[in-house]
Amino acid sequence: MDKYGYLALTIGTFFEGETAILVASSLIHKGLFEGPYTMLFGFAGSFISDWVYYMVGRLNGKYFIAHRPKLQARVRPVQHFFMRHKFQILLTYRFLYGFRVLIPVIIGMSHIRPAQFLVYSVVSGLLWATTVSTAGYLVGRFLNLTTAAFEENILFIVLGFACFGLLVGYIVKRLAMREMHTP
């Protein structure tokens with residue numbers, strides 16, 4: 001991707017991580033993206049978004065939630081879930097599709113200091129970028145995606161990866177909601 005591919009990947013992972021990095025990494029085997037750069041720029045977009053949401057929670061989260069009773073009722077079970085499984089969530093929150101905004105906000109509202117969150121966000125983000133990029137690469141290689149096939153079927157490819165992400169997110173969210181005892 002000569003000019004804007006990695007920039008698009010960074011922006012894409014900021015807003016919708018899995019789909020953007022899966023699409024980019026599925027084209028590594030054809031030379032459109034390079035593996036290490038795909039992981040690095042995918043990580044960068046997700047890292048920046050995590051920190052934006054963490055800082056929102058840290059600077060204004062408690063006040064914002066306190067003045068919205070309906071939202072407070074929805075956030076409380078997630079906060080309790082975080083407190084019970086803090087270490088596991090800090091290492092895997094990037095994989096908890098469907099909670100990608102809420103969890104960093106909740107972490108920001110907790111007693112987790114920025115330096116502590118930095119370590120976990122780097123480890124979690126690198127683990128996520130490596131795992132998801134590898135999955136995308138394997139799919140692209142298995143399906144032998146070519147540039148022409150990708151251009152002709154971009155909508156179906158993006159929708160396929162998005163549906164896969166939504167399915168995984170739905171399953172994870174259902175399991176988490178059951179653990180939190182919420183409907």
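How near do the axes of α2 and α3 come, and at roughly what angle do they cross? The legends below take this up first, for a predicted model in which local features need pLDDT of at least 70, side-chain atom pairs count only at pLDDT 80 or more, and totals for chains, interfaces and linings use all residues. Residues are numbered from 1 along each chain as its sequence is written, and side-chain values use heavy atoms, with hydrogens and water left out.

**View A. The crossing of α2 and α3.** The axes of these two helices come within 7 Å and cross at roughly 120°, where axes are lines fitted to C-alpha atoms, for helices over the stretch in contact, and angles run from 0 to 180 degrees between N-to-C directions. That makes α2 oblique to α3, given that angles under 35 degrees count as roughly parallel, over 145 as roughly antiparallel, 65 to 115 as roughly perpendicular and the rest as oblique. Helices here are DSSP runs (H or I, at least four residues), numbered from the N terminus. On the α2 side F64, I65 and A66 meet L71, Q72 and V75 of α3, contact being heavy atoms within 4.5 Å. By class, this contact has five nonpolar, one polar and no charged residues, with Ala, Val, Leu, Ile, Met, Phe, Trp, Tyr, Cys and Pro counted as nonpolar, Asp, Glu, Lys and Arg as charged, and the others, Gly among them, as polar.

**View B. The crossing of α1 and α6.** Here the axes come within 6 Å and cross at roughly 40°, which makes α1 oblique to α6. From α1 the contact draws on T13, G17, E18, I21, L22 and S25, and from α6 on W128, A129, V132, S133, A135, G136 and Y137. By class, the contact of α1 with α6 has seven nonpolar, five polar and one charged residues.

View C. The buried residues are I103, P104, V105, I106, I107, G108 and M109, and they pack against α2 (35-66), α3 (69-84), α4 (86-92) and α6 (114-142).

View D. One aromatic cluster is formed by F43, F47, W51, Y54, Y93 and F117, while a search of the whole structure finds eleven aromatic pairs, rings of Phe, Tyr and Trp (its six-membered ring) being paired if their centres lie within 6.5 Å. The charged end of R68 sits over the ring of F64, 3.8 Å from its centre, and that of R94 sits over the ring of W128, 4.4 Å from its centre; the criterion is NZ of Lys or CZ of Arg within 6 Å of the ring centre and within 35 degrees of the ring normal.

View E. T10, in helix α1 (residues 5-25), counts as buried at 15% relative accessibility and, leaving aside its neighbours within four places in sequence, is in contact with F41, A44 and G45. A162 lies in helix α8 (residues 154-180) and is buried, with a relative accessible area of 19%; its C-alpha atom is separated by 7.7 Å from that of E18, 144 residues apart along the chain. R174, also placed in α8, counts as partly exposed at 47% relative accessibility, and the C-alpha atoms of R174 and N153, 21 residues apart along the chain, are separated by 31 Å.

Key: Buried < 20%, exposed > 50% of the residue type's maximum accessible area, 1.4 Å probe, protein only. Phe/Tyr/Trp six-rings, centres within 6.5 Å; stacked < 30°, edge-to-face > 60°.
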